[in-house]
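This report asks how the side chains of one protein model pack together. Please keep the sequence and the model open while reading.

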Amino acid sequence: MPGDVVSTAGPIFIIGPMGSGTTLMRLIVDSHDDIAIAQETSIMRAYLAHRWIPFHRHGGDWYGRLGWSEDELDARMREFYAGMFERFAAEQGKRRWGDKTPWHAWHVRELRRVFPDAVFIAMVRHPGAVSASMSERFRQSWGGAVTHWINTTTELVQRGIEQGDRLLMVRYEDLVVQPEKTLREVFAWLAEPWSDRLLEHDRVHTERGTARRVEGATRSDKPIATDRIAAWVDDRTPRQLQVLTERVGDLAGFYGYSLDDPEKVDPMEVSSMPGRLTMTGDMLAERMVMFPQLTAELTREVTPWAGNRMLTPETLDLLTGPPRAAKLADAPPAPVRPRGLVRRAFSRLRSRTASSTGR
């Protein structure tokens with residue numbers, strides 16, 4: 001069937017909103033005999049710092065001053081990072097490697113620059129469940145947590161359509177309710193052999209001696225279960241539920257979610273692939289046509305938090321100020337000490353983050 005297999009044995013990046021089930025997917029894929037998936041490394045934030053030295057007006061010119069091109073820099077970064085992951089996999093007797101970092105959802109393009117054969121498993125989950133996880137685990141405001149879900153899933157759809165069959169969207173609910181069907185689709189797409197042991201990743205990790213507590217609240221020794229699907233409703237206030245409905249609206253339906261019934265999950269499928277649970281980027285493009293009222297929402301430009309962008313002076317507003325003519329007319333300003341520059345940058349970063357997340 002078209003869209004079933006991605007023709008690559010490249011690295012696998014598991015991405016998605018925080019609290020969307022990326023850790024569970026990591027544990028399952030990592031239990032495969034030939035695949036090693038690392039815990040969060042956030043390497044692309046380091047990569048962006050290589051591309052542009054943070055807090056430096058000319059930070060993007062450094063490698064050019066050494067006679068290096070962007071492609072040459074990317075090749076060296078590929079050699080450096082791939083070498084580290086390859087050793088990580090080889091030490092476990094595995095041939096294929098990957099990484100699970102939720103906010104790499106904002107770095108899909110850069111990951112493809114460094115690793116042209118990369119593929120992406122993009123997790124999504126009910127907006128209420130993700131928002132509850134964000135607000136409880138990371139002390140995020142409820143409005144900010146809802147915004148996190150909206151922006152991240154929108155980014156996933158856009159990058160998925162852009163990447164075509166190299167990105168596969170998987171719903172957490174499908175993974176825990178229909179694990180075998182969902183995982184068979186995932187591993188067929190990865191062109192990796194199936195094993196029934198993938199359905200008992202908890203036993204695999206117990207036999208390996210994996211730490212019981214891993215990222216977040218996930219346990220490596222806990223089997224796939226459905227008990228967390230609607231648990232997010234507990235302790236939610238009427239105001240929080242109202243904000244969820246007002247902010248998410250019809251967008252929930254695009255992913256098959258109901259804002260009235262947390263246990264109701266409609267099929268997320270398209271006419272060309274009926275009965276399928278997972279969706280490639282090409283299928284996401286087909287599904288978008290089914291929701292014309294969401295075109296503007298799903299195609300709008302989404303700006304990531306500054307922490308997931310290159311830390312250029314422009315990003316941090318360090319170059320803002322009165323026009324040059326106005327400066328010349330006034331007395332020369334007092335010099336800004338480096339310590340004050342950095343403190344001012346972080347102050348602006350914190351205030352912008354609080355504003356964008358609704359705090």
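## Basis and overall make-up

The model is predicted, so that local features need pLDDT of at least 70 and side-chain atom pairs count only at pLDDT 80 or more, while totals for chains, interfaces and linings use all residues. Residues are numbered from 1 along each chain as its sequence is written, and side-chain values use heavy atoms, with hydrogens and water left out.

The secondary structure comprises 15 helices and 6 strands, where helices (H or I, at least four residues) and strands (E, at least two) are DSSP runs numbered from the N terminus. Of the 359 residues, 49% count as buried; buried means under 20% relative accessible area, exposed over 50%, and partly exposed in between, with a 1.4 Å probe and protein chains only. The protein exposes about 17400 Å², of which carbon and sulfur atoms supply 52%, the areas coming from the Shrake-Rupley method with a 1.4 Å probe and, for residues, only the protein chains shown counting as cover. Among contacts (heavy atoms within 4.5 Å) with a separation of 6 or more, 75% join residues 24 or more positions apart.

## Nonpolar cores

A nonpolar core is a set of buried Ala, Val, Leu, Ile, Met, Phe, Trp, Tyr and Cys residues joined through side-chain atoms within 4.5 Å. The largest one has 58 residues, and those with the most contacts inside it are F115, F254 and Y255. Helix α6 (residues 142-163) gives the most to this core, with 7 residues.

Setting aside residues up to four places away in sequence, F254 touches V157, M268, L284, R287, M288, F291, L294 and L298. A second, separate core of 24 residues includes Y172, L175, L183 and W189.

## Aromatic pairs and charges over rings

The structure holds 11 aromatic pairs, a pair being rings of Phe, Tyr or Trp (its six-membered ring) with centres within 6.5 Å, and planes under 30 degrees apart counting as stacked, over 60 as edge-to-face and the rest as tilted. The rings of F13 and F115 have centres 5.8 Å apart and planes at 35 degrees, so this pair is tilted. It links distant parts of the chain, since F13 belongs to strand β1 (residues 12-15) and F115 to the loop between α4 (108-114) and β4 (119-124), 102 residues apart. Both F13 and F115 are buried, and together with F85, W97 and F120 they form one aromatic cluster.

For F187 and W194, the centres are 6.5 Å apart and the planes at 75 degrees, so the pair is edge-to-face. F187 is buried, with a relative accessible area of 1%, whereas W194 is partly exposed at 23%. The charged end of R125 sits over the ring of Y172, 3.8 Å from its centre; the criterion is NZ of Lys or CZ of Arg within 6 Å of the ring centre and within 35 degrees of the ring normal.

S135 lies in helix α5 (residues 127-137) and counts as buried at 17% relative accessibility. Leaving aside neighbours within four places in sequence, S135 is in contact with Q140, W142 and A145.
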